[in-house]
Amino acid sequence: MNNDTPLILTVAPNGAYKTHAQHPAVPLTPDALADTAKSCLEAGAAMIHMHVRQPDGRHLLDAQAYQEATSAIRRAVGQSLVIQITTEAAQIYEPAAQMAVVRDTRPEAVSVGLRELLKPDVPESELHQFFSWLVQEAIMTQVILYDEQDVASWQKLRAEGVIPEGPWFLLFVLGRYTAGQKSSPTDLLPFLNQDDGRYPWAMCAFGPKENACAITAAGLGGHVRVGFENNLHLKDGSVAPDNAALVAQVVEGAQALGRPLASAQDIRQLFGRS
C-alpha cells in the first residue's frame with residue numbers, strides 16, 4: 001500500500017463497555033447508533049464498527065439485535081456506510097457463540113479476534129470451516145491482532161492451510177497491554193516488523209494519542225479505526241464532544257498527508273462485496 005490508496009476510516013462508537021457514565025454521547029440503542037452513523041459519515045467515515053447492548057447496557061452478541069441496529073443505520077444512511085459487527089467475547093461469550101452469531105446475522109462485515117478463537121477446545125477443523133464459510137459468503141472479515149505473536153499465529157495458520165486465502169483485513173490493536181492501555185505511535189512498529197504485507201491493515205489505539213497513532217498509520221499506508229470504544233479525547237487532550245469529532249481529526253490529518261478517503265463502495269470493491 002502507499003499514500004495513493006484511499007484511506008478506510010472506520011468509527012468504533014461504543015465498544016463493549018463504555019456507558020453514559022463515561023460519556024453521554026456513547027450510542028447504546030439502534031436509534032442512537034443511527035444518529036452517530038449519520039454524523040460520522042458526514043465527518044468522513046466510510047465504515048462503522050458496531051456493538052449492540054442489552055437493555056441494561058451490557059455487551060450482547062445477538063443476531064436480532066444486530067439486525068435491528070443495522071436496519072436503523074440503513075434507514076439513516078442507506079448504503080453509504082459499511083456496517084461491521086463484532087464477535088468480541090468481553091469475558092462473556094465462548095467461541096461457539098461468537099461464531100454462531102455471525103452465521104445467524106450474516107452481516108456485511110465482521111471483526112474477529114483471532115486469539116479469542118484460538119482455544120484448546122476449538123479444533124483446527126472448526127476454525128477452517130468457519131473462515132472458509134466467511135470467504136464463501138463474501139463477508140468482509142477483519143482479523144484482530146493484539147501483538148506480534150498474534151501476527152505470527154495468523155501467518156502460521158495460513159501457512160498450514162487452517163485459514164484459507166481470502167480478502168482478509170487486519171486490525172493491529174496498539175497498546176492493548178501497555179500500562180493504563182495508553183497507546184503510542186511506536187506501538188505500531190512490532191506489528192509492521194512481523195507483518196508479511198499480504199493483506200491491508202488498519203490500527204486502533206487507546207487513549208489521548210489515538211489521533212497521533214492514526215495519522216502515523218495513515219502515513220505508512222495503513223487504515224484507521226477511531227472512536228469512543230477506545231478513546232474519548234481529542235488530540236489536544238480535551239474530551240471530544242462526540243464520535244464525529246474524532247473522525248474529523250483523522251480527515252484533517254489525511255488531507256495534510258495527501259491521502260484520499262475511501263467510500264463505502266471503495267471498501268466493498270476492495271474486499272469483493274461489490
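On a 1 Å grid over the protein atoms alone, a cavity is a set of points where a 1.4 Å probe fits but cannot get out, while a pocket is an open set with protein on both sides within 12 Å along at least five of seven lines. Lining residues have an atom within 4 Å of a point. Grid points are joined across faces, edges and corners, and a volume is the space filled by probe spheres set on the points.

Good morning, colleagues. The model before you is predicted, so local features need pLDDT of at least 70 and side-chain atom pairs pLDDT 80 or more, whereas totals for chains, interfaces and linings use all residues. Residues are numbered from 1 along each chain as its sequence is written, and side-chain values use heavy atoms, without hydrogens and water.

The largest cavity holds about 40 Å³, and its lining consists of M47, Q84, A109, M140, T141, Q142, F169 and F271. Strand β7 (residues 140-145) supplies the largest share of that lining, three residues; strands here are DSSP runs of E with at least two residues, and helices are runs of H or I with at least four, numbered from the N terminus. By class, five lining residues of this cavity are nonpolar, three are polar and none is charged. In this scheme Ala, Val, Leu, Ile, Met, Phe, Trp, Tyr, Cys and Pro are nonpolar, Asp, Glu, Lys and Arg are charged, and the others, Gly among them, are polar.

I turn now to the open spaces. The largest pocket has about 550 Å³ of space.

Finally, I consider a pair of helices. Helix α1 packs against helix α9 (residues 243-257) at an angle of about 15 degrees, with the axes 8 Å apart. Axes are lines fitted to C-alpha atoms, for helices over the stretch in contact, and angles run from 0 to 180 degrees between N-to-C directions. The two helices are therefore roughly parallel, a term for angles under 35 degrees.

Definitions and conventions:
Parallel < 35°, antiparallel > 145°, perpendicular 65-115°, else oblique.
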